Amino acid sequence: MKIMNYIMFLLVLSLFMPAVSEAEGTLQSKIDEAKKGVTIEIEEGEYEETLVISKPIILKGKGEVLLRSCQAEPVVTVSGESVTLQNIKVEHCGDEKEDTAIYVTGTNHKLEGLAIRTKRFGIRLDHANGVTIQDTEIVGMKQGNGIDLWESNQNTFGNLKITNVTDGIYLEKSNGNTIHRNDIQRSRYGLHLMFSNENVLDENVSKANITGTMLMESKRTVVRHNKFLSNNKSVNAQGLLIYMSTDTEVTRNEFISNRVGIFIEEAENNRIDSNKIMDNFIGVQFKKSNENHVIRNTFVGNVNDAQAIESANNQVNGNYWDAASKVDANGDGESEIVYRADPYFLTLTNAVPEYQLFFQAPGLILLQNILKSPADQLLTDSAPLMNMTMEVEKEKSTSFSLWFMSVGMILASTSLFIFGRKRR
Amino acid sequence: MWNIWRSELRMTIRQRSYYSFLVLWVAVLSLLFLVQKSAPSLSGYTNMTGTVVNVALYIIPLFMLIIGSFSIANEMENGQWRLLNTYPLFSMSYISGKIGGQFTAQTIVFTFSYGISLAIGLVSGNGFSSEWLWSIYFFSISLIFFFLVLGITLGCFVSTRWQALSISVIIWFFLIMIWPTALIGVLGLVPYPWIAPLMKLALIVNPAEFIRVSLVINLDGGAVFGQAYDSLVPFLDPPYGILNYILYFIGFLAITLLFSMLMLEWRKRR
């Protein structure tokens, strides 16, 4: 009898089992049943399923809501128009090449307060327009882009925190998007624009990536008030790379501690205005680029301020260079002494990259002074500024610890002095 | 060995010329620290760091080579070494005592000057990052060590102080001033694929370059050396970097000690 009871118990239990998985399926069925414009609130908990949303509804998480899936399809697919997702955690655990956490197409959607974990893509926008994504965190595994746009226009991205992905925000053939106040770290490229025009990047922070931001064959991009910091871990690292792009406006950004602050390659008619370019190994580097304007920037603490190869026709005027000798005879705020940046080191290492080991070698400075490059290869600022155009603050340790270090050194060596002298 | 160490330390510290170094270091270092006032930023590897490093590279190796080679050449010249040879003293303990004594004496005077200069800098209202200060300090101490050892080895080879001086200057000029020029000249003659391994070999041969490159890598600037040294950079980056640095230090010491010992033994027999 006891065995019978046990079997009965198991049977009853097994009757309840499918009920659990049915409960998981209800999220999609709730969406299917919902009328246009309603708000669906998701109860706190974990949901192992994929959702497809194609009508204008609001899907809102109450408390901790996690949608999770390892299937080939995206965890959430959004299409149609005016879909809103709020306060949801989304995790895609699949490791196939095209795996995506959220796939968006259509118009005027709004995604906010999401937290996305993915092994490949975070959010993909495919022919999506007027979409707003904000207050969202994306963490990847360096195998896919955080946000990936394909032919998507007029979208807005604000207050996103993206780490450890391939490209933080990748735009291809996407125009007129606004990327505002995002923070992208430890990824390959922070922002990556390909064949995309009239985009605005502003107040973003791109830190410790291989390249802070890359603009490739993109026109009329506006880059302002961004910070490009410590993009210096790779041999190809730089703050901003402008490649074959035209009419870019780069104003009031900070480029600090990058390998190269701004790298301009085969690009024309770009304007670099009023930026702070500080503590980089190379401030601005030109390669086969002409007709660019570099004006009113503040160059401070860079190991090499500016270097140019095959780029003789750029307008580099009225910048502040801390390395320049400055004399202002007529009081107009501009120095009468022309500032020249010699590309000798770059020309040398271009031919034999191994010679880069001589970077800042004491002997190389000597060599550079003997063998000056011909005048047409020099990058010349004919009117360097006397004063900085941007505020520069100084990083320092507390003076107490420094005094401690100083006094400690003096005391230690004095006692050794006495010890050394007294010794019979 | 400890006796030699002690007597070397005592003799050096009691020399009047020793205190001229104090003046020299204080003058150079406090000028460098005062210059920082005009530099708006000071963390990591900046142009200011580059300047300080270059000044140190110009001045420290030259003096250390001269001091090191003189400390032996002097005793050779005035016959003190012959006198010492009448005692049962190993060449090994003689040289290591010399190195130890000189290094202690020079480190003391450098540390003292560094402390004073830092105080001068602080009094004049400058701010520094302590990580940066320690990097520069250890960089200078390493330079002092390597070039003292090199100088002492040189001292074992020469017979007069005049020789010691001229060869010291030649070595300094070669290793510091025209090193890149010479390498670029020589490497222009070899087939292209040889350049990379020869550059790495040259890096190990020249302690000044080795220390400089380690410093740049330590201050997070490894990427600046480019693709060709991608494999080398993690090798010198902490924490493994410190280990490799110590290994290099031991290897360098072993080779120079061996050479100077052989030389002294050969001289003894003559």
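How far apart do the C-alpha centres of domain 1 of chain A and domain 2 of chain A lie? They are 37 Å apart.

This is a predicted model, in which local features need pLDDT of at least 70 and side-chain atom pairs count only at pLDDT 80 or more, while totals for chains, interfaces and linings use all residues. Residues are numbered from 1 along each chain as its sequence is written, and chains are lettered from A and ligands numbered from 1 in the order in which they are written.

**Stop 1: the domains of chain A**

Select 40-187 of chain A for domain 1, then 215-393 for domain 2. These bounds come from an automatic or database domain assignment.

**Stop 2**

Select Gln71(A). It is found in the loop between β5 (65-69) and β6 (76-78) of chain A. Strands here are DSSP runs of E, at least two residues, and helices are runs of H or I, at least four residues; both are numbered from the N terminus. Gln71(A) has 14 other C-beta atoms within 10 Å, so it is partly exposed. (Buried takes 20 or more such atoms within 10 Å, exposed 12 or fewer, and partly exposed is in between, with C-beta atoms placed from the backbone.) Leaving out residues up to four places away in sequence, Gln71(A) touches Thr50(A) and Gly94(A). Contact means C-beta atoms, placed from the backbone, within 7 Å.

Go to Asn108(A), in the loop between β9 (100-107) and β10 (110-112) of chain A. Asn108(A) is not a glycine, yet its phi is positive, about 55°. With 17 other C-beta atoms within 10 Å, Asn108(A) is partly exposed.

Next comes Glu198(A), in the loop between β19 (189-194) and β20 (200-202) of chain A. Glu198(A) also has a positive phi of about 55° without being a glycine. It is partly exposed, with 16 other C-beta atoms within 10 Å.

**Stop 3: where chain A touches chain B**

Show both chains. The contact takes 53 residues from chain A and 58 residues from chain B. On the chain A side, α3 (362-370) and α4 (399-422) each supply at least two residues. Colour α4(A): it gives the most to this side, with 15 residues. By class, the chain A side has 28 nonpolar, 16 polar and 9 charged residues. (Ala, Val, Leu, Ile, Met, Phe, Trp, Tyr, Cys and Pro count as nonpolar; Asp, Glu, Lys and Arg as charged; the others, Gly among them, as polar.)

**Stop 4: two helix pairs in chain B**

Select α6 (130-157) and α12 (240-269) of chain B. Their axes are 8 Å apart and pack at an angle of about 15°. (Axes are lines fitted to C-alpha atoms, for helices over the stretch in contact; angles run from 0 to 180 degrees between N-to-C directions.) α6(B) and α12(B) are therefore roughly parallel. (That label covers angles under 35 degrees; over 145 is roughly antiparallel, 65 to 115 roughly perpendicular, and the rest oblique.) The contact includes Phe146(B) and Val149(B) of α6(B), and Phe252(B) and Leu253(B) of α12(B). Its residues divide into 11 nonpolar, 3 polar and no charged.

Finish with α1 (2-14) and α5 (91-123) of chain B. Their axes come within 7 Å and cross at roughly 40°. That makes α1(B) oblique to α5(B). Among the contact residues are Trp5(B) of α1(B) and Tyr94(B) of α5(B). This contact has 6 nonpolar, 7 polar and 2 charged residues.

Note on methods. Two residues are in contact if their C-beta atoms, placed from the backbone, lie within 7 Å.
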